[in-house]
Amino acid sequence: MGRLKQQLLRIILASILLVTGILINTDNTTLELAIFLASYLIAGGQVLIKAARSVIGGDALNENFLMAIATIGAFFIGEYVEGVAVMLFYLVGEMMQNYAVDKSRRSIADLMDIRPDYAIVKSGNDLIRTDPDEVAVGDIIVVSAGERVPLDGLVIEGNCMLDTSALTGEHVPREVFAGGEVLSGCINLNGLLSIEVTKVYEESTVSKILDLVENATSKKAKMENFITKFAKYYTPVVAILAALISVCPPLLVRGATFADWLYRGLTFLVISCPCALVISIPLGFFGGIGGASGKGILIKGSNYLESLSKLDTVVFDKTGTLTKGVFEVQEIRSYSMDPGDLLDYAAHAESYSNHPISFSLQKAYGKQIGKSRISGFEENAGHGVKCLVDGKTVLAGNRKLMATMGINCPDEEHIGTLVFVAVDGSCCGSIIIADEVKEDSKEAIATLKSIGIKKTVMLTGDAKNVGENVADLLGIDIAFTELLPEGKVEILERLLAEQGQTAALAFVGDGLNDAPVLARADVGIAMGGLGSDAAIEAADVVIMTDEPSKITASIKIAKKTMGIVKQNVVFSLVVKFAVLALATLGLASMWAGVLADVGVTVIAVLNSMRALSTKNI
Amino acid sequence: MKKTFKLMGLGCANCASKMEDRIGKLDGVNNASVNFATTKLVIEAEELLMDKIIESAKDIIKKIEPDVVMQKA
């Protein structure tokens, strides 16, 4: 018989005896006592044994012992029914509490069920099913449709669509081909992949993420530390008060009876366990962290949830965070020929160059470069290129290049890098190449403001006109431009100093070259963490995808979680103190005491489960 | 070195924080944490003392919550 069934049986038996005892209404007090005592022992025997064991172990002030004393005390003052009923009530409450905790743990576990159970290793012509732990770097593993990729690696054969939602929270599948990288935790939706393993299981993405999330609650929030400390003193203080209340009034106040005040003291004991207070906090925080991880946001500690909920300033790095970090042709301004021809000349002229501008031009051109059309290529570093295209002399480069060649170019207002194109000695037009802002950057800034972020700041090493233009476009309050890496830390220090005591500041970067700034901020947020160990390492909060809008989501999750935790703390404290006060006045029964203890715990646990859900975020 | 254990049957959150507190104070332990939600105990301690620490941790857990079983995770 399972433990749960045994306990249920005991509760039923004890209840029947209790009811019999009440209904029998006999004058034989010995019989009455015997029935109630039997009922009490059937119900509370386990509690008494546990209480005795803990006293021997030197840890007297625990739940079992306090409950034992309270109920035995009730028997002493002749309140048999109360003694049995309180014990029964307590057990039922405990069962409900265990059920609620279990359910909450299971939903957390489901959410984080991204651990691969097995790997299929190719050995000669055989396929061997093994533990992912036992696969070595260089082994070839096979992943069929519907299976989870167990280890990080490179695809050597096959292609398929991958569901990365376990890692990114993103439901749009991603396509991989031979030569591409795959990360553990993704699910192969179709096709068959052969993968060469590049990382052992412990180093693989999935195990790193799980490790991070599971250990996140070891970095505790201030509120959590406060409650742990409070709980440490709460029980002894209430126990001492219980003793004083039972003994002092009968001795000092005329007419106060010992039995009456002992009853009040015993009620104190029933409420002296801090469990409701303590239990809901780790479950709430963990729920929030688990819920966030389901959306592709890794939060490395409860303390960061707390800071996120208090943010009032968000500082962004520009390139790669708010912008794509990829330079693209933004505009073609043609003076004398068709813009398509201008791009054709420019792309061909630059085709032998390794400069990023060359790649941007090729990409915008989008067609095969006719290498045979080009001859006499010359590159002048820092200026541009010169060559013959279709027999015509083509120059592509900046104003300096044109000036040295004696070609006049018109003044141009522009943001970004300007490439002039001259054909046969006359300036034919210009091409503007710039970094593009991400699709959701503007919306992200707007939603941040709507959820109470007072100040948004952008830091960039880029030129003033480029930086300020991006800031204007996105609606960012302050932009600091032309910064060196040290400059970024300096500005952050200044912003932190301007900050109010209770508020917090976050820095958002790509986690690659802004580690010092990430470390200095109250919360360091790295974007695009998927596949980037450096970003995962450096930041306090890692957003797996590249979307700035996830920052808003993480703040919302943090606020919701903190709200739930606060509700639980306030609710359980208010109920406990109210019952303590009523008990002192003789208005609360021991029944109310049990309700204040286990009832509140169950409600708090159920409430903390709400932190898991991120549906409306 | 870091070792992780599963605490089967961990039911009381206050007990969890008591365990964390006492194991953390053992000689040679750099950090101990009990995650009530996943019922996992992580001990970071000096390698040489680890075996002794694990034994002491088992004792502490038994005393605080007798029904809890500490297993290797």
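1. Let's start with a helix in chain A. The buried residues of α21(A) pack against α3 (63-76), α4 (80-111), α8 (258-270), α9 (275-294) and α20 (549-584) of chain A. Among those buried residues are Met590(A), Gly593(A), Val594(A), Ala596(A) and Ser608(A). "Buried" here says that 20 or more other C-beta atoms lie within 10 Å of the residue's own (12 or fewer would be exposed, in between partly exposed), with C-beta atoms placed from the backbone. Helices (H or I, at least four residues) and strands (E, at least two) are DSSP runs, numbered from the N terminus.

2. Before going further, a word on what you are looking at. This is a predicted model, where local features need pLDDT of at least 70 and side-chain atom pairs count only at pLDDT 80 or more, while totals for chains, interfaces and linings use all residues. Residues are numbered from 1 along each chain as its sequence is written, and chains are lettered from A and ligands numbered from 1 in the order in which they are written.

3. How confident is the predictor? pLDDT is its confidence in each residue, from 0 to 100. Chain A averages 87, and 100% of its residues score at least 70.

4. Now for a sheet in chain A. Six strands form an open sheet in the order β2-β1-β3-β9-β4-β7, with antiparallel pairing. β2 (126-130) and β7 (181-182) of chain A stand at the edges with a single partner strand each, so one side of each has no neighbour in the sheet. Pairing requires that DSSP finds at least two bridges between two strands. β3 (residues 140-143) and β9 (residues 193-197) of chain A are joined by four bridges, with Ile141(A) partnered by Ile195(A).

5. β14 (residues 384-389) and β15 (residues 392-397) run antiparallel over six bridges, and Val385(A) has Ala396(A) as its bridge partner. Two residues lie between the strands of this hairpin, where Asp390(A) takes a positive phi near 50°. β15(A) is also joined by four antiparallel bridges to β16 (residues 417-423) of chain A, with Leu395(A) partnered by Ala422(A).

6. Chain B has two helices and four strands, following the pattern β-α-β-β-α-β along the sequence. A compact globule of 73 residues would have a radius of gyration near 11 Å, and chain B agrees at 11 Å; the radius is taken over C-alpha atoms, and the rule is 2.2 Å times the number of residues to the power 0.38. The C-alpha trace spans about 30 × 20 × 15 Å along its principal axes, and 42% of the residues are buried.

7. Where do the chains meet? The contact takes 15 residues from chain B and 22 residues from chain A. α1 (13-24), β2 (29-35), β3 (40-45) and α2 (50-64) of chain B each give two or more residues, and the largest share of chain B's side, three residues, comes from α1(B). Contact here requires C-beta atoms, placed from the backbone, within 7 Å.

Key: pLDDT is the predictor's confidence in each residue, from 0 to 100. Two residues are in contact if their C-beta atoms, placed from the backbone, lie within 7 Å.
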